[in-house]
Amino acid sequence: CAGPVESKNEAAMSELVPEPRQKPVVPMKPMGINANLLGYIGIDTIIEQMRKKTMKTGFDFNIMVVGQSGLGKSTLVNTLFKSQVSRKSSGWNREEKIPKTVEIKAIGHVIEEGGVKMKLTVIDTPGFGDQINNENCWEPIEKYINEQYEKFLKEEVNIARKKRIPDTRVHCCLYFISPTGHSLRPLDLEFMKHLSKVVNIIPVIAKADTMTLEEKIEFKQRVRKELEVNGIEFYPQKEFDEDLEDKTENDKIRQESMPFAVVGSDKEYQVNGKRVLGRKTPWGIIEVENLTHCEFALLRDFVIRTHLQDLKEVTHNIHYETYRAKRLNDNGGLPPMTVETEENHESNL
(Lines give C-alpha, C1' and ligand atoms only; values in the text may rest on other atoms or scores of the structure.)
Protein backbone atom coordinates (compact mmCIF):
# COMPACT_ATOMS: atom_id res chain seq x y z
CA CYS A 1 0.00 0.00 0.00
CA ALA A 2 1.19 3.53 -0.73
CA GLY A 3 2.66 5.56 2.10
CA PRO A 4 1.64 9.07 3.09
CA VAL A 5 4.71 10.59 1.32
CA GLU A 6 3.87 8.96 -2.01
CA SER A 7 0.21 10.11 -1.85
CA LYS A 8 1.41 13.69 -1.17
CA ASN A 9 3.73 13.57 -4.21
CA GLU A 10 0.92 12.24 -6.40
CA ALA A 11 -1.38 15.05 -5.25
CA ALA A 12 1.31 17.65 -5.99
CA MET A 13 1.90 16.22 -9.48
CA SER A 14 -1.81 16.18 -10.22
CA GLU A 15 -1.88 19.86 -9.32
CA LEU A 16 1.08 20.67 -11.57
CA VAL A 17 0.10 18.57 -14.57
CA PRO A 18 -3.24 19.78 -15.98
CA GLU A 19 -5.74 17.25 -17.10
CA PRO A 20 -5.92 16.87 -20.87
CA ARG A 21 -8.63 19.17 -22.19
CA GLN A 22 -11.43 17.37 -23.91
CA LYS A 23 -11.99 18.19 -27.54
CA PRO A 24 -15.25 20.14 -27.96
CA VAL A 25 -18.00 18.17 -29.59
CA VAL A 26 -18.76 19.68 -32.98
CA PRO A 27 -22.46 19.32 -33.74
CA MET A 28 -23.31 17.64 -36.98
CA LYS A 29 -24.33 19.99 -39.73
CA PRO A 30 -28.10 19.78 -40.11
CA MET A 31 -29.12 18.15 -43.31
CA GLY A 32 -31.17 20.11 -45.78
CA ILE A 33 -29.98 23.68 -44.98
CA ASN A 34 -29.80 25.73 -48.16
CA ALA A 35 -30.64 22.58 -50.05
CA ASN A 36 -30.79 23.02 -53.80
CA LEU A 37 -34.16 21.93 -55.11
CA LEU A 38 -33.95 19.53 -58.00
CA GLY A 39 -37.21 20.77 -59.45
CA TYR A 40 -40.15 23.13 -58.91
CA ILE A 41 -42.22 22.28 -55.81
CA GLY A 42 -44.52 25.28 -55.36
CA ILE A 43 -43.53 26.65 -51.95
CA ASP A 44 -43.55 30.14 -53.44
CA THR A 45 -47.34 29.94 -53.92
CA ILE A 46 -47.95 30.22 -50.14
CA ILE A 47 -48.04 34.02 -50.38
CA GLU A 48 -50.56 33.83 -53.22
CA GLN A 49 -52.71 31.39 -51.20
CA MET A 50 -52.71 33.79 -48.25
CA ARG A 51 -53.55 36.71 -50.54
CA LYS A 52 -56.55 34.90 -52.04
CA LYS A 53 -57.86 33.93 -48.61
CA THR A 54 -57.56 37.43 -47.16
CA MET A 55 -59.08 38.94 -50.30
CA LYS A 56 -62.18 36.79 -49.78
CA THR A 57 -62.62 37.74 -46.12
CA GLY A 58 -61.71 41.42 -46.57
CA PHE A 59 -60.27 43.79 -43.99
CA ASP A 60 -61.56 45.85 -41.06
CA PHE A 61 -60.17 49.26 -40.18
CA ASN A 62 -61.63 51.54 -37.53
CA ILE A 63 -60.38 55.12 -37.30
CA MET A 64 -61.38 57.67 -34.65
CA VAL A 65 -61.11 61.44 -35.06
CA VAL A 66 -60.92 63.67 -31.97
CA GLY A 67 -60.67 67.44 -31.73
CA GLN A 68 -62.59 70.66 -31.32
CA SER A 69 -65.32 71.62 -33.79
CA GLY A 70 -64.17 73.53 -36.84
CA LEU A 71 -60.75 71.90 -37.23
CA GLY A 72 -61.75 70.02 -40.39
CA LYS A 73 -61.88 66.47 -38.99
CA SER A 74 -64.58 65.19 -41.34
CA THR A 75 -63.02 66.88 -44.35
CA LEU A 76 -59.62 65.36 -43.63
CA VAL A 77 -61.01 61.81 -43.31
CA ASN A 78 -62.92 62.27 -46.57
CA THR A 79 -59.68 63.45 -48.19
CA LEU A 80 -57.74 60.48 -46.78
CA PHE A 81 -60.05 57.97 -48.44
CA LYS A 82 -61.08 60.20 -51.39
CA SER A 83 -64.77 59.61 -50.74
CA GLN A 84 -67.57 60.82 -48.45
CA VAL A 85 -66.93 58.47 -45.54
CA SER A 86 -67.42 60.90 -42.67
CA ARG A 87 -70.50 62.80 -41.52
CA LYS A 88 -71.22 66.08 -43.28
CA SER A 89 -70.04 68.84 -41.00
CA SER A 90 -70.32 72.45 -42.06
CA GLY A 91 -70.55 73.98 -38.60
CA TRP A 92 -73.54 74.21 -36.31
CA ASN A 93 -76.60 75.84 -37.80
CA ARG A 94 -79.50 77.35 -35.86
CA GLU A 95 -81.56 74.17 -35.85
CA GLU A 96 -78.76 72.05 -34.41
CA LYS A 97 -77.79 72.16 -30.77
CA ILE A 98 -74.22 71.93 -29.57
CA PRO A 99 -73.89 68.61 -27.68
CA LYS A 100 -73.78 69.11 -23.92
CA THR A 101 -71.45 66.15 -23.56
CA VAL A 102 -69.16 64.23 -25.88
CA GLU A 103 -71.12 62.02 -28.26
CA ILE A 104 -69.79 59.03 -30.15
CA LYS A 105 -70.95 58.59 -33.73
CA ALA A 106 -69.71 55.62 -35.76
CA ILE A 107 -70.34 55.44 -39.50
CA GLY A 108 -69.49 52.25 -41.43
CA HIS A 109 -68.65 51.92 -45.12
CA VAL A 110 -67.34 49.23 -47.43
CA ILE A 111 -64.79 50.71 -49.81
CA GLU A 112 -63.03 48.82 -52.60
CA GLU A 113 -59.87 49.48 -54.54
CA GLY A 114 -58.15 47.11 -56.95
CA GLY A 115 -60.37 44.23 -55.85
CA VAL A 116 -59.48 44.72 -52.17
CA LYS A 117 -62.51 45.32 -49.93
CA MET A 118 -62.19 47.10 -46.63
CA LYS A 119 -64.89 47.66 -44.06
CA LEU A 120 -64.05 51.15 -42.85
CA THR A 121 -65.62 52.61 -39.71
CA VAL A 122 -65.14 56.31 -38.93
CA ILE A 123 -65.81 57.20 -35.29
CA ASP A 124 -66.49 60.90 -34.71
CA THR A 125 -66.60 62.60 -31.31
CA PRO A 126 -68.73 65.78 -31.62
CA GLY A 127 -68.76 67.94 -28.50
CA PHE A 128 -65.15 67.24 -27.48
CA GLY A 129 -63.50 70.38 -26.16
CA ASP A 130 -66.45 72.65 -27.07
CA GLN A 131 -67.69 73.36 -23.55
CA ILE A 132 -66.67 76.03 -21.05
CA ASN A 133 -65.77 73.29 -18.58
CA ASN A 134 -64.01 70.43 -20.41
CA GLU A 135 -63.03 68.52 -17.29
CA ASN A 136 -62.84 64.75 -17.91
CA CYS A 137 -64.39 65.12 -21.38
CA TRP A 138 -62.15 62.27 -22.58
CA GLU A 139 -63.93 59.76 -20.34
CA PRO A 140 -66.76 58.89 -22.81
CA ILE A 141 -64.11 58.27 -25.49
CA GLU A 142 -62.04 56.02 -23.21
CA LYS A 143 -65.22 54.19 -22.20
CA TYR A 144 -66.16 53.61 -25.84
CA ILE A 145 -62.68 52.21 -26.68
CA ASN A 146 -62.79 49.84 -23.69
CA GLU A 147 -66.34 48.73 -24.59
CA GLN A 148 -65.06 47.56 -27.98
CA TYR A 149 -62.30 45.55 -26.27
CA GLU A 150 -64.95 44.06 -23.96
CA LYS A 151 -67.13 43.03 -26.92
CA PHE A 152 -64.18 41.29 -28.57
CA LEU A 153 -63.22 39.57 -25.31
CA LYS A 154 -66.75 38.25 -24.71
CA GLU A 155 -66.81 36.78 -28.21
CA GLU A 156 -63.42 35.16 -27.64
CA VAL A 157 -64.36 33.39 -24.39
CA ASN A 158 -67.65 31.98 -25.74
CA ILE A 159 -67.73 28.18 -25.91
CA ALA A 160 -69.17 28.24 -29.43
CA ARG A 161 -67.45 31.33 -30.77
CA LYS A 162 -67.65 32.68 -34.27
CA LYS A 163 -65.03 31.69 -36.81
CA ARG A 164 -64.37 35.36 -37.54
CA ILE A 165 -65.05 37.70 -34.62
CA PRO A 166 -66.37 41.12 -35.74
CA ASP A 167 -63.63 43.65 -35.03
CA THR A 168 -64.97 46.99 -33.77
CA ARG A 169 -61.82 47.92 -31.83
CA VAL A 170 -60.36 51.36 -32.56
CA HIS A 171 -57.15 50.82 -34.52
CA CYS A 172 -56.13 54.45 -34.90
CA CYS A 173 -57.04 57.78 -33.25
CA LEU A 174 -56.23 60.99 -35.14
CA TYR A 175 -55.96 63.75 -32.56
CA PHE A 176 -56.38 67.24 -34.04
CA ILE A 177 -54.29 70.05 -32.56
CA SER A 178 -55.38 73.66 -33.06
CA PRO A 179 -52.87 75.63 -35.19
CA THR A 180 -52.26 78.25 -32.49
CA GLY A 181 -48.51 78.39 -33.08
CA HIS A 182 -47.90 78.64 -29.31
CA SER A 183 -48.18 75.40 -27.35
CA LEU A 184 -50.47 72.50 -26.56
CA ARG A 185 -53.52 73.21 -24.41
CA PRO A 186 -53.88 71.44 -21.05
CA LEU A 187 -56.82 69.54 -22.59
CA ASP A 188 -54.57 68.19 -25.36
CA LEU A 189 -52.01 66.96 -22.86
CA GLU A 190 -54.58 65.39 -20.54
CA PHE A 191 -56.36 63.59 -23.38
CA MET A 192 -53.18 62.12 -24.83
CA LYS A 193 -51.87 61.15 -21.36
CA HIS A 194 -55.00 59.12 -20.62
CA LEU A 195 -55.71 57.68 -24.07
CA SER A 196 -52.18 56.86 -25.29
CA LYS A 197 -52.26 53.81 -23.00
CA VAL A 198 -55.35 52.29 -24.63
CA VAL A 199 -55.21 53.33 -28.31
CA ASN A 200 -52.76 54.30 -31.06
CA ILE A 201 -52.74 58.12 -31.11
CA ILE A 202 -51.42 60.01 -34.15
CA PRO A 203 -51.26 63.79 -33.46
CA VAL A 204 -51.96 66.09 -36.43
CA ILE A 205 -51.87 69.88 -36.68
CA ALA A 206 -55.12 70.87 -38.37
CA LYS A 207 -55.50 73.67 -40.94
CA ALA A 208 -51.74 74.09 -41.30
CA ASP A 209 -52.29 76.65 -44.08
CA THR A 210 -53.05 79.24 -41.37
CA MET A 211 -49.33 79.29 -40.44
CA THR A 212 -46.23 80.33 -42.37
CA LEU A 213 -43.58 77.69 -43.10
CA GLU A 214 -41.33 79.04 -40.31
CA GLU A 215 -44.22 79.08 -37.80
CA LYS A 216 -45.18 75.54 -38.79
CA ILE A 217 -41.64 74.15 -38.28
CA GLU A 218 -41.30 75.92 -34.93
CA PHE A 219 -44.73 74.77 -33.73
CA LYS A 220 -44.00 71.13 -34.68
CA GLN A 221 -40.75 71.23 -32.70
CA ARG A 222 -42.51 72.76 -29.69
CA VAL A 223 -45.26 70.12 -29.76
CA ARG A 224 -42.70 67.29 -29.96
CA LYS A 225 -40.81 68.76 -27.01
CA GLU A 226 -43.98 69.11 -24.91
CA LEU A 227 -45.03 65.52 -25.63
CA GLU A 228 -41.56 64.30 -24.62
CA VAL A 229 -41.46 66.38 -21.41
CA ASN A 230 -44.90 65.10 -20.38
CA GLY A 231 -43.98 61.48 -21.14
CA ILE A 232 -46.70 61.04 -23.78
CA GLU A 233 -46.15 58.16 -26.19
CA PHE A 234 -47.74 58.47 -29.63
CA TYR A 235 -47.78 55.96 -32.45
CA PRO A 236 -45.34 54.50 -33.53
CA GLN A 237 -44.16 53.81 -29.96
CA LYS A 238 -40.41 53.27 -29.51
CA GLU A 239 -40.72 50.05 -27.48
CA PHE A 240 -42.76 48.33 -30.21
CA ASP A 241 -40.13 48.59 -32.96
CA GLU A 242 -39.42 44.97 -33.90
CA ASP A 243 -36.08 45.28 -35.73
CA LEU A 244 -33.40 47.76 -36.79
CA GLU A 245 -35.14 48.54 -40.09
CA ASP A 246 -38.40 49.41 -38.30
CA LYS A 247 -36.51 51.48 -35.72
CA THR A 248 -34.67 53.49 -38.38
CA GLU A 249 -37.87 54.18 -40.34
CA ASN A 250 -39.96 55.02 -37.27
CA ASP A 251 -37.25 57.19 -35.70
CA LYS A 252 -37.30 59.35 -38.81
CA ILE A 253 -41.10 59.69 -38.55
CA ARG A 254 -40.95 60.49 -34.81
CA GLN A 255 -38.18 63.05 -35.13
CA GLU A 256 -39.14 64.77 -38.40
CA SER A 257 -42.78 64.20 -39.40
CA MET A 258 -44.72 64.09 -36.11
CA PRO A 259 -47.08 65.81 -35.65
CA PHE A 260 -48.22 65.93 -39.29
CA ALA A 261 -49.17 69.47 -40.35
CA VAL A 262 -52.08 68.85 -42.72
CA VAL A 263 -54.69 70.55 -44.87
CA GLY A 264 -57.83 68.72 -45.95
CA SER A 265 -60.09 69.41 -48.92
CA ASP A 266 -62.64 67.47 -50.96
CA LYS A 267 -62.79 70.07 -53.76
CA GLU A 268 -60.88 69.83 -57.02
CA TYR A 269 -59.24 72.68 -58.92
CA GLN A 270 -57.39 73.00 -62.22
CA VAL A 271 -53.64 73.62 -61.72
CA ASN A 272 -51.24 73.51 -64.70
CA GLY A 273 -53.71 71.42 -66.68
CA LYS A 274 -54.20 68.88 -63.85
CA ARG A 275 -57.11 68.32 -61.48
CA VAL A 276 -55.87 68.54 -57.89
CA LEU A 277 -57.48 68.52 -54.45
CA GLY A 278 -56.96 71.89 -52.85
CA ARG A 279 -58.17 75.01 -51.07
CA LYS A 280 -58.62 78.25 -52.99
CA THR A 281 -57.28 81.41 -51.36
CA PRO A 282 -56.86 85.00 -52.61
CA TRP A 283 -53.13 84.36 -53.14
CA GLY A 284 -53.43 80.99 -54.89
CA ILE A 285 -54.47 77.37 -54.51
CA ILE A 286 -53.09 75.25 -51.68
CA GLU A 287 -52.58 71.77 -53.11
CA VAL A 288 -53.41 69.14 -50.51
CA GLU A 289 -51.18 66.43 -52.00
CA ASN A 290 -48.20 68.75 -52.65
CA LEU A 291 -45.49 68.18 -50.02
CA THR A 292 -44.21 71.74 -50.39
CA HIS A 293 -47.66 72.99 -49.27
CA CYS A 294 -48.52 70.55 -46.46
CA GLU A 295 -47.81 67.06 -45.10
CA PHE A 296 -51.12 65.43 -45.97
CA ALA A 297 -49.46 63.02 -48.44
CA LEU A 298 -47.05 61.89 -45.69
CA LEU A 299 -49.96 61.25 -43.30
CA ARG A 300 -51.91 59.26 -45.91
CA ASP A 301 -48.86 57.14 -46.80
CA PHE A 302 -48.13 56.57 -43.12
CA VAL A 303 -51.66 55.56 -42.06
CA ILE A 304 -52.74 53.61 -45.16
CA ARG A 305 -49.81 52.61 -47.36
CA THR A 306 -47.10 51.64 -44.85
CA HIS A 307 -48.48 51.23 -41.30
CA LEU A 308 -52.16 50.20 -41.59
CA GLN A 309 -51.47 46.53 -40.85
CA ASP A 310 -49.07 47.46 -38.05
CA LEU A 311 -51.73 49.71 -36.47
CA LYS A 312 -54.05 46.71 -36.37
CA GLU A 313 -51.35 44.41 -34.96
CA VAL A 314 -50.32 46.84 -32.20
CA THR A 315 -54.01 47.26 -31.29
CA HIS A 316 -54.47 43.49 -31.01
CA ASN A 317 -51.11 42.43 -29.55
CA ILE A 318 -50.48 45.35 -27.18
CA HIS A 319 -53.55 47.42 -26.27
CA TYR A 320 -56.14 44.63 -26.45
CA GLU A 321 -53.84 42.11 -24.73
CA THR A 322 -53.20 44.59 -21.91
CA TYR A 323 -56.96 45.06 -21.44
CA ARG A 324 -57.62 41.31 -21.72
CA ALA A 325 -54.95 40.37 -19.15
CA LYS A 326 -56.21 42.93 -16.65
CA ARG A 327 -59.86 41.97 -17.20
CA LEU A 328 -59.32 38.24 -16.81
CA ASN A 329 -57.04 38.74 -13.82
CA ASP A 330 -59.61 40.95 -12.06
CA ASN A 331 -62.42 38.43 -12.64
CA GLY A 332 -60.66 35.18 -11.85
CA GLY A 333 -60.04 34.16 -15.44
CA LEU A 334 -63.43 34.87 -17.05
CA PRO A 335 -65.58 37.96 -17.55
CA PRO A 336 -68.74 37.96 -15.41
CA MET A 337 -71.55 36.01 -17.07
CA THR A 338 -74.76 37.87 -17.75
CA VAL A 339 -78.19 36.22 -17.92
CA GLU A 340 -77.90 36.05 -21.70
CA THR A 341 -74.47 34.38 -21.62
CA GLU A 342 -75.66 31.92 -18.95
CA GLU A 343 -78.62 30.91 -21.15
CA ASN A 344 -76.30 30.49 -24.15
CA HIS A 345 -73.92 28.45 -21.98
CA GLU A 346 -76.72 26.12 -20.83
CA SER A 347 -78.08 25.73 -24.36
CA ASN A 348 -74.56 24.87 -25.64
CA LEU A 349 -74.23 22.23 -22.92
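User: Over how many bridges do strands S8 and S9 pair?

Analyst: This is a predicted model, in which local features need pLDDT of at least 70, side-chain atom pairs count only at pLDDT 80 or more, and totals for chains, interfaces and linings use all residues. Residues are numbered from 1 along each chain as its sequence is written, and side-chain values use heavy atoms, with hydrogens and water left out. Strands (E, at least two residues) and helices (H or I, at least four) are DSSP runs numbered from the N terminus, and two strands pair if DSSP finds at least two bridges between them. Strand S8 covers residues 274-281, and its antiparallel pairing with S9 has four bridges.

User: Which residue in S9 does Gly278 stand opposite?

Analyst: S9 spans 284-287 and is an edge strand, pairing on one side only. The open sheet has the order S7-S8-S9 with antiparallel pairing. Opposite Gly278 stands Glu287.

User: Is H4 roughly parallel or roughly perpendicular to H9?

Analyst: Axes are lines fitted to C-alpha atoms, for helices over the stretch in contact, and angles run from 0 to 180 degrees between N-to-C directions. Angles under 35 degrees count as roughly parallel, over 145 as roughly antiparallel, 65 to 115 as roughly perpendicular and the rest as oblique. The axes of H4 (residues 139-156) and H9 (residues 308-330) come within 10 Å and cross at roughly 75°. H4 is therefore, relative to H9, roughly perpendicular.
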